[in-house]
Amino acid sequence: DAGQSLDQLAGLWSQQGCDGVLALGGCQAMAQALDLAVRVCTPMPMRHLPVIAVPTTTAALGLPEVPLPAAGNPRRTAPPLPAVVLCDPTLTLWAGPGVTAANGMDVIVHCIETYLSTTWNPPADGMALDGLRRAALALERAVTHGQDGDARREMLAAALNAALAGQKGLGATHALARALEPALPPGTPHGWLHAALLPTVLRFNAPAAADRYAALAEALRLAPGADIGQAMNRFGVRLGLPGTLAGLGLDAAACDRVAARAAEDPANRTNPRHATPRDYRAMVSEAQT
């Protein structure tokens, strides 16, 4: 129950003599369940406390991600993985067009960034490309025809591919998006800004990863040599996602804070081209226009 504190949930878990955690819901429910697993299994080995995850959004399949260390954050390393993930596309039918579009773009960017990640993992590369193909075909139908069960199933399959490939690590789009989240209204879906950020990030990464762009374009069914970032930006705008960061009204000081935080994000470690705070500052400025 997201309305209860971690201490309250840990107390209930002990009182009831539970031997596992069931996480049913979106990103907040998944994160809280994994936090609870860490809390109650200490000092037991984490394998003694299984977490069963039943996601109700495609974004929830992206957890767990390595959190950015911050004051008061008990999870300074990767949280445990769920023991079981039950994927039922009918549980995602509640999501409206805006949430579906943002979460779906998050899936697409997960696939792109894991494929471009510096980590060498051919099976994960295959999963990322398969997820990208599925999402490219299904996302618009899932947004415009929310009760299309086949589209929902394909998006959930794409999200599962993205999550499994996530062991490779992410990149600068996610680093920037997470750094920008404090400037967004509470509850804004994580992938809301991805379409606006992707063109700038792909241009920055091209010197280090352009040889992999052809496979991405093929998975997205784009013409050879097409600008992937611009194509995904236009696609996102068509789905109602922001095309630039201009609407956030970031001043120079805010941009500096975003750049510094993005450079410290774990996703920067596996981005194809290492980015400094100055690089991120330039990317934020470019994405505002």
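How many nonpolar, polar and charged residues are in the lining of the largest cavity? Hold that for a moment.

First, the ground rules. This is a predicted model, with local features needing pLDDT of at least 70, side-chain atom pairs counting only at pLDDT 80 or more, and totals for chains, interfaces and linings using all residues. Residues are numbered from 1 along each chain as its sequence is written, and side-chain values use heavy atoms, with hydrogens and water left out.

The chain has 11 helices and 3 strands. Those are DSSP runs: H or I of at least four residues for helices, E of at least two for strands, numbered from the N terminus. Of its 289 residues, 49% are buried, meaning under 20% relative accessible area with a 1.4 Å probe and protein chains only; exposed is over 50%, and partly exposed lies in between.

Now the cavities. A cavity is a set of points on a 1 Å grid, over the protein atoms alone, where a 1.4 Å probe fits but cannot get out; lining residues have an atom within 4 Å of a point. There are 3 cavities of 30 Å³ or more. The largest holds about 90 Å³. Its lining has 13 residues, and T58, T92, T100, N103 and R152 are the closest to its centre. Helix α3 (97-116) gives at least two lining residues, as do α4 (122-144) and α5 (149-165). The largest share, 4 residues, comes from α3.

Back to my question. The lining has 5 nonpolar, 7 polar and 1 charged residues. Asp, Glu, Lys and Arg count as charged; Ala, Val, Leu, Ile, Met, Phe, Trp, Tyr, Cys and Pro as nonpolar; the others, Gly among them, as polar.

Technical notes: 1 Å grid on protein atoms, 1.4 Å probe; cavity = no way out; pocket = protein on both sides within 12 Å on 5 of 7 lines; lining within 4 Å. Points joined across faces, edges and corners; volume = space filled by probe spheres on them.
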